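Hi everyone, thanks for making time this morning. Let's bring the structure up on the screen and walk through how its inside is put together.

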Amino acid sequence: MKTIPVVAAIIQKDERIFATQRGYGEQKDGWEFPGGKIEPGETPEEALVREIREELAMEVQVKRHVVDVAWDYPTFHLEMACFLCSIAEGSPHLLEHEAARWLEPADIDSVDWLPADVLVVDALKEQGVV
């Protein structure tokens, strides 16, 4: 099975967390933390800044590593490094996703998270982020 290394941004503003709904691919319509594949030669942090710029047309500041998640989807193995981020410049514009929501801590379970992202939400709860 192919392994895909990716990064995900847990974008926090005040107490809210930004969630996006996939607009394409096998996981279409599932909710996730935005991000994407790490390109050769990139650090995870560099990949995250680039991916958020490409997907949401804004700049983020990577604050700290939160959790690494491994998950087997039917056609690939995902290895996802997740980082808490803040908005450095701009505001999110959906270029690849079909929807997005700012979730209050009490609403964090109100969307249908993709399986790997459920593990991220669990880590956020354990660490007291939400």
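Let me start with helix 2, where the buried residues are A116, D117, V120, V121, A123 and L124. Around the axis these residues cover an arc of only 160°, which means they sit on the same side of helix 2. Please keep in mind that this is a predicted model.

So what do the buried residues of helix 2 pack against? Their partners are strand 1, strand 3 (31–32), strand 5 and strand 6.

A quick check on the helix length: helix 2 has twelve residues, and at 1.5 Å a residue they should span 16 Å. The end C-alpha atoms are 17 Å apart, which agrees. Just after helix 2 comes G128, with a positive phi of about 75°.

Now, on to the core. The largest nonpolar core contains 28 residues, and I10, F33, M80, W113 and V120 have the most contacts inside it. Two or more residues each come from strand 1 (3–13), strand 2 (16–22), strand 5 (59–72), strand 6 (77–89) and helix 2 (115–126). Which of these gives the most to this core? That would be helix 2, with five residues.

Setting aside neighbours within four places in sequence, V120 is in contact with I10, F33, V67, V69, M80 and C82. Apart from this core lies another, of 13 residues, including A9, F18, L56 and C85.

How values were computed:
Residues numbered from 1 in each chain as written. Predicted model: local features only at pLDDT ≥ 70, side-chain atom pairs only at ≥ 80, totals over all residues. Heavy atoms only, no water. Core = buried A, V, L, I, M, F, W, Y, C linked by side-chain atoms within 4.5 Å. Buried < 20%, exposed > 50% of the residue type's maximum accessible area, 1.4 Å probe, protein only. Helix = DSSP H or I, 4+ residues; strand = E, 2+ residues; numbered from the N terminus. Contact = heavy atoms within 4.5 Å. Expected span 1.5 Å × (residues − 1). Arc of directions from axis to C-beta.
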